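Biologist: Before I rely on any label for this protein, I would like each one set against the rule behind it. Could you take me through them?

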Amino acid sequence: MSVTSTAPMPRAGILDLSPYIGGEGRLTQGVVPVRLASNENPRGCSPLARAAYLAAAEDLHRYPDGTASGLRHAIADKYGITFEQIVCGAGSDELIALILRAYAGPGDEVIHSRHGFLMYSVAAKAVGAKPIAVDEKNLTTDVTAILAAVTPQTKVIMIANPNNPTGSLLAASEVERLVKGVPPHVVIVLDAAYAEYVEDGAYNDGSRWVASHSNVIMLRTFSKVHGLAALRLGWGYFPPAIADVINRLRGPFNVSVPAQAAGIAALADDDFVAATVEKNTRERGRLAVALEEMRLGIVPSAGNFLLVHFGAEAERIRLALKDKGIFVRQMGAYELPEYLRITVGLKADNDRLIAALEDILAKDA
Ligand SMILES: *Cc1c(COP(=O)(O)O)cnc(C)c1O
């Protein structure tokens, strides 16, 4: 008997996974990097959230409230939704993984749009299910194509709205058509990680459909507009029966004491969120104009980032930007290798990016 045959082997499919590669952001020397690769809030977080985090240091010897009841009450009050239907997670990534563990497995299919958030296919493969990438139309989720892709094996459909990395918005009428057209035993996840940034008055984060359907879930995160990515905090609004399932499956203390405390404080700071959104909208518009003046194609974005078309030169330009201390995200894993995703930074960050790109593109001319 060979040595390898007695070594522990993970379940089928696990070794087919590639570890998720996050946005780069560290430099070796003394250059101050401009980190535009992970859609973080360049303004940091609310000072109230930071103070709550620091105050939580007094209680590091205590286990968290396993039901996160203070945070869930704050969420319920803020959004006018039912406390019992809220489940918090260590980032919405954890909730995505738990939903797929609960509802999909070997032989099952998990539908996502072709250029949808990468974690959907990663988390599907992690449970042995088959991710099904459905083609988009104009870099936007195509509901007709998704409905046509539903088979008896389909267990979960995952849609980010606005989507990352395209920034495109799916109209409420299209979400409605999706929810109406999918059989009720299929779980639909509406991931609204960038909801706060959306200005379209017709937009709904998904809560409208959770309230009226037993198979629709909405996910939200504290990592984006609230600027708490380091703490790992997300939440979902679930139909009661699915909330019950996720609560059975999750770790009993999956959300830490400092994360719960900072989350409650962040929800109370409307001014911080409003100022972040206002600055993002202004800088996103300014950045789009500057990039268009360089004859670069921009996908209209409802989020805090822009998907920019660089053609065959995309990777070379990414590396040239990195040489200048500016990090943006490569899009090969999203099947968009001719694009780079650029997070909207502070005014000074965006100025540095614009100047660097002008310099790189001038040398090419
Ligand atoms: C950033 C992001 C998330 C949030 O992930 P966390 O685990 O909460 O940090 C979820 N969905 C999408 C589409 C995102 O872009």
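Modeller: Helices (H or I, at least four residues) and strands (E, at least two) are DSSP runs, numbered from the N terminus, and by that rule the protein chain has 13 helices and 13 strands. This is a predicted model, in which local features need pLDDT of at least 70 and side-chain atom pairs count only at pLDDT 80 or more, while totals for chains, interfaces and linings use all residues. Residues are numbered from 1 along each chain as its sequence is written, and side-chain values use heavy atoms, with hydrogens and water left out.

Biologist: How many of the contacts in the protein chain between residues at least 6 apart in sequence join residues at least 24 apart?

Modeller: With contact meaning heavy atoms within 4.5 Å, the share of such contacts that join residues at least 24 apart is 74%.

Biologist: What makes Asp93 and Arg232 a salt bridge?

Modeller: A salt bridge is a side-chain nitrogen of Lys or Arg within 4 Å of a carboxyl oxygen of Asp or Glu. The closest N and O atoms of Asp93 and Arg232 are 3.9 Å apart, and the pair forms a salt bridge. Asp93 lies in helix H4 (residues 91-103) and Arg232 in the loop between strand S7 (216-221) and strand S8 (234-237), so the pair ties together parts that are 139 residues apart in sequence. Asp93, at 28% relative accessibility, counts as partly exposed, and Arg232, at 33%, also counts as partly exposed.

Biologist: How do you know that Arg114 forms a salt bridge with Glu335, and which parts does that pair tie together?

Modeller: The closest N and O atoms of Arg114 and Glu335 are 3.4 Å apart, and the two form a salt bridge. Because Arg114 is in the loop between strand S3 (109-113) and helix H5 (118-126), and Glu335 in the loop between strand S12 (329-330) and strand S13 (339-343), the pair ties together parts that are 221 residues apart in sequence.

Biologist: Where do Glu283 and Arg286 lie, and is Glu283 buried or exposed?

Modeller: Glu283 and Arg286 are three residues apart in helix H11 (residues 270-293), and so are separated by about one helical turn. Their side chains meet in a salt bridge with an N to O distance of 2.9 Å. Glu283 counts as buried at 6% relative accessibility, whereas Arg286 counts as partly exposed at 28%. Glu283 and Arg286 are also linked with Lys347 and Asp351 in a network of salt bridges. By this rule the count comes to 19 salt bridges.

Definitions and conventions
Buried < 20%, exposed > 50% of the residue type's maximum accessible area, 1.4 Å probe, protein only.
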